[in-house]
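Let's take a friendly walk through a protein chain together, stopping at a few side chains along the way. Keep the viewer open and find each residue as we come to it.

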Amino acid sequence: MRKFTYVVLLATLSLTACKEESFKKGGEDLEYKIISSGSGPTVKYGDFIQMHISQFYNKNKKDSVLSDSRKMAPIVEMLDSINTPKQYYDILKQLRKGDSLVIRILTDSAFKKSPESMPPFIKKGNYLVTTVKVLNVFTDKTQADSARNASMAMAQENQKKEEEVQLVKDDAKIKDYLSKNNVQAVKAPLGTYVQVIQPGTGANIDTSVVAKINYTGKTLEGKAFDSNVEPSFNHVEPLLANMTNDPSLGITVIRGWSDGLKLLNKGAKAKLYVPSSLAYGAQGAGPDIPPFTTLVFDVEVVDVLSRAQAKTAADAQQKKTAAMQKRFTDSISKANPAPANK
């Protein structure tokens with residue numbers, strides 16, 4: 001079931017209305033409850049389940065929503081015992097079309113094999129909970145693919161609407177910050193605000209070029225999360241910000257960069273105020289960029305490269321990276337030599 005395994009493992013839903021004695025014991029410390037309201041045969045090996053999945057963190061009888069497919073679209077996945085761990089497979093194969101399922105697991109058990117991976121907001125002694133609502137069961141792959149394609153289209157449309165709503169919130173937040181700090185900035189077409197610190201020369205950046213950029217990224221509150229000019233981040237080298245549609249020419253940047261860089265040219269220095277919906281949105285990016293975080297980038301356009309120049313620069317960077325990796329591998333090998341054969 002591909003990613004469904006991990007969706008189940010890292011999830012959970014509200015148990016307020018569920019009596020303790022109604023839960024059954026599953027494998028690997030799972031507990032589950034099936035609310036049978038469906039009909040038809042149970043799900044078989046190789047069937048495709050169309051379902052909604054809600055994920056929660058349950059603390060002190062209060063639920064924090066981790067994700068909810070109802071906001072986007074149903075999920076369609078195949079049930080098999082190869083990609084699905086046995087403890088989940090044994091539960092899911094009991095379901096019928098129309099059934100609901102609640103799975104819970106104590107955080108202590110969920111992270112006991114890798115406690116270092118437990119997010120800071122999750123504490124021991126609480127529950128991770130997942131609820132599943134089975135909307136349909138398909139035995140035919142063609143039907144499943146059709147349902148999956150419809151879900152993908154629905155998800156894209158709903159995500160677009162969600163981003164539009166979030167962009168309005170982000171825009172108000174940025175404008176308030178700029179006003180309070182007396183910052184003069186120009187709004188780029190998609191919604192990034194650009195404060196030019198030092199004008200450059202020549203034509204503005206467009207989708208035919210690759211921009212060579214020095215940058216430092218911070219939250220609106222001033223916490224730095226990345227930089228290629230600060231040695232502490234361990235990658236002091238200009239970034240090839242690829243504005244083209246050729247992935248071999250450099251890094252594809254977030255939409256906020258693509259938006260804001262088009263107002264700059266070679267030699268320019270600026271601050272980009274990037275709405276979360278043009279950055280990492282609802283997903284965030286690691287512990288330093290929570291969901292819906294507005295970002296600020298100090299950028300310097302070191303150079304603007306043609307496609308040919310960018311290809312040369314990208315190839316050189318790849319060779320340099322490969323050489324560094326080889327040196328690292330060689331040093332590990334020397335430090336840990338293989339035992340001699342006897």
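Is Asn182 buried or exposed? Bear in mind as you look that this is a predicted model. Asn182 counts as exposed, because its relative accessibility is 63% and the cut-off for that word is over 50%. You will find Asn182 in the loop between α4 (141-180) and β8 (186-187). Its backbone has a positive phi of about 55 degrees, although Asn182 is not a glycine. Glu28 is another residue other than glycine with a positive phi, near 55 degrees. Glu28 sits in the loop between β1 (24-25) and β2, and it counts as partly exposed because its relative accessibility is 48%.

Now let's turn to charges. Side chains of opposite charge can pair when their charged atoms come close. In this model the count comes to 16 salt bridges. One of them joins Glu31 and Arg104, whose closest N and O atoms are 2.7 Å apart. Glu31 belongs to strand β2 and Arg104 to strand β6 (residues 100-106), so this bridge ties together parts that are 73 residues apart in sequence. Both partners are buried. Arg104 has another neighbour to look for: it lies over the face of Phe23, at 4.3 Å from the ring centre.

A second bridge brings together Asp171 and Lys187, at 3.2 Å from N to O. Here helix α4, which holds Asp171, is linked to strand β8, which holds Lys187, and the two residues are 16 apart in the chain. Asp171 is buried, with a relative accessible area of 11%, whereas Lys187 is partly exposed at 46%.

For a third, find Asp298 and Lys271, which meet at 2.5 Å, N to O. Asp298 is in strand β17 (residues 295-305) and Lys271 in strand β16 (residues 269-274), 27 residues apart. Asp298 is partly exposed, with a relative accessible area of 25%, and Lys271 also counts as partly exposed, at 24%. Salt bridges can share partners too: Lys25, Glu31 and Arg104 are joined into one network in this way.

What about a charged residue that has no salt bridge? Asp47, in the loop between β2 (31-35) and β3 (48-59), is such a case: it is buried, and the nearest side chain of opposite charge, Lys44, is 5.9 Å away. Even so, the side chain of Asp47 reaches the backbone nitrogen of Lys44 at 2.8 Å.

Our last stop is the aromatic rings, where the count comes to six pairs. Tyr45 and Tyr89 form an edge-to-face pair, 6.4 Å centre to centre, with 70 degrees between the planes. Tyr45 lies in the loop between β2 and β3, while Tyr89 is in helix α2 (residues 86-92), 44 residues apart. Tyr45 is partly exposed, with a relative accessible area of 47%, but Tyr89 counts as buried at 13%. Tyr57 and Phe121 are also edge-to-face, at 5.9 Å and 80 degrees. Tyr57 is in strand β3 and Phe121 in the loop between α3 (107-110) and β7 (127-138), so the pair ties together parts that are 64 residues apart in sequence. Finally, look for Tyr215, Phe225, Trp257 and Phe297, which ring pairs link into a cluster.

Conventions. Residues are numbered from 1 along each chain as its sequence is written. Side-chain values use heavy atoms; hydrogens and water are left out. Helices (H or I, at least four residues) and strands (E, at least two) are DSSP runs, numbered from the N terminus. Buried means under 20% relative accessible area, exposed over 50%, partly exposed in between (1.4 Å probe, protein chains only). Lys and Arg count as positive and Asp and Glu as negative; His and the chain ends are not counted. A salt bridge is a side-chain nitrogen of Lys or Arg within 4 Å of a carboxyl oxygen of Asp or Glu. A polar contact is a pair of N or O atoms within 3.5 Å; within protein, one must be able to donate a hydrogen and the other to accept it, and residues adjacent in sequence count only if both atoms are side-chain atoms. Rings of Phe, Tyr and Trp (its six-membered ring) pair if their centres lie within 6.5 Å; planes under 30 degrees apart count as stacked, over 60 as edge-to-face and the rest as tilted. A charge sits over a ring if NZ of Lys or CZ of Arg is within 6 Å of the ring centre and within 35 degrees of the ring normal.
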